[in-house]
Amino acid sequence: MNRKILTLTLLLAVVPGIAMSASVYKWTDENGVTHFGDRQPTGAKSERVNVRSGTSSNASGNRQSPQERLQNMQEQQAGEAEQRQETAVEEARRKQREANCATARSNLDVIDRNARIRVEDNGEQRYLSQEEIAEKRTEFERIAEENCGPKAQ
């Protein structure tokens with residue numbers, strides 16, 4: 001199995017080099033028509049043509065080195081990771097705001113439905129006074145406004 005993989009890898013590495021080194025020949029036939037081919041014609045005088053690749057000579061000067069490409073790729077991955085982190089933080093904030101909103105609305109609903117509200121202070125239960133209920137209502141309305149309305153900054 002390993003020999004097959006090694007052979008295939010070597011073959012794939014060598015084939016492009018062989019293809020790039022192929023020769024191109026130019027010749028003119030008896031009618032004056034110029035032809036190009038990868039095989040030297042028989043019975044006709046031909047010359048070998050130097051074929052350039054599709055890239056200009058300046059393009060190879062602009063090509064990044066492997067180290068530069070690796071650095072660019074690492075910077076891009078770091079940016080994407082940071083963006084994912086920010087997205088996760090925003091998602092957590094949104095969920096927290098939704099939970100705060102639901103709790104505040106639930107508490108406001110309890111205040112609106114009950115005339116007497118019982119709380120536990122230091123292990124003892126007692127009823128809130130009307131002033132304390134008004135303070136709690138104001139507090140829960142503020143929390144609901146902050147968390148249930150448009151996104152708070």
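This note goes through the structure point by point, from the overall make-up to individual residues.

1. Basis of the model. The structure is a predicted model, in which local features need pLDDT of at least 70 and side-chain atom pairs count only at pLDDT 80 or more, whereas totals for chains, interfaces and linings use all residues. Residues are numbered from 1 along each chain as its sequence is written, and side-chain values use heavy atoms, with hydrogens and water left out.

2. Overall make-up. The protein has four helices and five strands, where helices (H or I, at least four residues) and strands (E, at least two) are DSSP runs numbered from the N terminus. Read from the N terminus, the order of these elements is α-β-β-β-α-α-β-β-α. Of the 153 residues, 10% count as buried, a class that means under 20% relative accessible area, with exposed being over 50% and partly exposed in between (1.4 Å probe, protein chains only). The accessible surface comes to about 13,400 Å², and carbon and sulfur atoms hold 50% of that surface; the areas come from the Shrake-Rupley method with a 1.4 Å probe, and for residues only the protein chains shown count as cover. Among the contacts (heavy atoms within 4.5 Å) with a separation of 6 or more, 36% join residues 24 or more positions apart.

3. The strands β1, β2 and β3. Strand β1 (residues 24-28) pairs with strand β2 (residues 34-37) in the antiparallel sense over four bridges, and four bridges also join β1 to strand β3 (residues 46-49), again antiparallel; two strands pair if DSSP finds at least two bridges between them. W27 has H35 of β2 as its bridge partner, while Y25 stands opposite R48 in β3. The hairpin of β1 and β2 has five residues between the strands, and G32 in the turn has a positive phi of about 85°.

4. Strand β4 (residues 118-121) and strand β5 (residues 124-127) are paired antiparallel over four bridges. In β5, R126 is the bridge partner of V119 and E124 is that of D121. Two residues lie between the strands, and N122 is found in this loop. Phi of N122 is near 50°, a positive value in a residue other than glycine. Most residues other than glycine have a negative phi. N122 is also exposed, with a relative accessible area of 84%.

5. Helix α3. The buried residues of α3 are R97, C101, A104, L108 and I111, and what covers them includes α4.

6. Helix α4. The 19 residues of α4 (residues 130-148) should span 27 Å, and the end C-alpha atoms are 26 Å apart, which agrees. I133, F140, A144 and N147 are buried in α4. They cover an arc of only 80° around the axis, which puts them on the same side of α4; the arc is that of the directions from the helix axis to the C-beta atoms. These buried residues pack against α3 (66-113), whereas the face turned away from the buried side carries the exposed residues E131, E135, T138 and E145.

7. The nonpolar core. Which residues make up the largest nonpolar core? The core has eight residues, namely A104, L108, I111, I117, L128, I133, F140 and A144, where a nonpolar core is a set of buried Ala, Val, Leu, Ile, Met, Phe, Trp, Tyr and Cys residues joined through side-chain atoms within 4.5 Å. The elements that give two or more residues to this core are α3 and α4. Leaving aside neighbours within four places in sequence, A144 is in contact with A104, L108 and G149.

8. A buried asparagine. N147 lies in helix α4 and, at 13% relative accessibility, counts as buried. Not counting residues up to four places away in sequence, N147 touches R97, N100 and C101.

Conventions:
Expected span 1.5 Å × (residues − 1).
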